[in-house]
Amino acid sequence: MRDITKEEVEKFLNENNFEYVPNQGAVSFPKLQRIYTRLSQGKDLSSIKVADGKIMDGHHRFICSKLLGVKIDIVPGAKNHTDVEYRWETMELHSIDYDTQDEIDNYVKEFDQE
């Protein structure tokens, strides 16, 4: 299995249209890499939450599922009050890891145990 590159993700987001729009303007590339690895290994992840055609929770999972052509459940999510319009082609890929080490360890326990 190979890793994804930041350039691959940027190109993918720039060249594709998606059925849902983002509700944020940036994602963590290290987190994308972890989720991409898990999905490519056939691991199941939690559902993506959507309201009014916007992703409310699950941007990293959504991007990785689209990159891999893997289906993840979509469920209704709670709306938030932001009216800011975001677009996939302007999504920033931060090198900062949004997860703490404890969160990473918990994900490993939850998703990476055979």
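Predicted model: local features only at pLDDT ≥ 70, side-chain atom pairs only at ≥ 80, totals over all residues.
**Entry 1, ground rules.** I number residues from 1 along each chain as its sequence is written, and I keep to heavy atoms for side-chain values, with hydrogens and water left out.

I took helices (H or I, at least four residues) and strands (E, at least two) as DSSP runs, numbered from the N terminus, and I call two strands paired if DSSP finds at least two bridges between them. In what order do the strands of the open sheet lie? I read the order β3-β2-β4 for its three strands, with mixed pairing. The edge strands, each pairing on one side only, are β3 (54-57) and β4 (74-76). For angles I used lines fitted to C-alpha atoms as axes, for helices over the stretch in contact, and values run from 0 to 180 degrees between N-to-C directions. Neighbouring strands of this sheet are turned by 50° against each other on average, direction ignored. Helix α3 (residues 59-68) packs on the sheet, where α3 touches β2 and β3, and its direction makes about 120° with that of β3.

**Entry 3, the pairings of β2.** Strand β2 (residues 48-51) runs parallel to β4, and three bridges join the two; β2 and β3 run antiparallel, and are also joined by three bridges. I looked up Val50 on both sides: Val50 stands opposite Pro76 in β4 and opposite Ile55 in β3. The strands β2 and β3 form a hairpin with two residues between them. Asp52 lies in the loop between these strands, and I noted that its phi is near 50°, a positive value in a residue other than glycine. For accessibility I count a residue as buried under 20% relative accessible area, exposed over 50% and partly exposed in between (1.4 Å probe, protein chains only). Asp52 is exposed, because its relative accessible area is 63%.

Which residues of helix α1 (residues 6-15) are buried? I found Val9, Phe12 and Leu13. They lie on the same side of α1 because they cover an arc of only 95° around the axis, the arc being that of the directions from the helix axis to the C-beta atoms. An α-helix has 3.6 residues a turn, so residues three or four places apart point the same way. The face of α1 turned away from the buried side carries the exposed residues Glu7 and Glu15. Taking contact as heavy atoms within 4.5 Å, I see the buried residues of α1 pack against α2 (29-40), α3 and β5 (92-94).

I searched a 1 Å grid over the protein atoms alone, where a pocket is an open set of points at which a 1.4 Å probe fits, with protein on both sides within 12 Å along at least five of seven lines, and lining residues have an atom within 4 Å of a point. Grid points are joined across faces, edges and corners, and a volume is the space filled by probe spheres set on the points. About 230 Å³ of space lies in the largest pocket. Of the 15 residues that line the largest pocket, Lys31, Ile35, His60, Arg61 and Tyr107 are the closest to its centre. The elements giving two or more residues to this lining are α2, α3 and α4 (101-111), and the largest share, four residues, comes from α2. I followed up Lys31, which lies in helix α2: Lys31 is buried, because its relative accessible area is 16%. Not counting residues up to four places away in sequence, Lys31 touches His60, Asp97, Asp99 and Tyr107.

Beyond four places in sequence, His59 touches Pro22, Asn23, Gln24, Val27, Trp88 and Met91. Ala26, placed in strand β1 (residues 26-28), is buried with a relative accessible area of 14%. Leaving aside neighbours within four places in sequence, Ala26 is in contact with Met91, Glu92, His94 and Tyr98.
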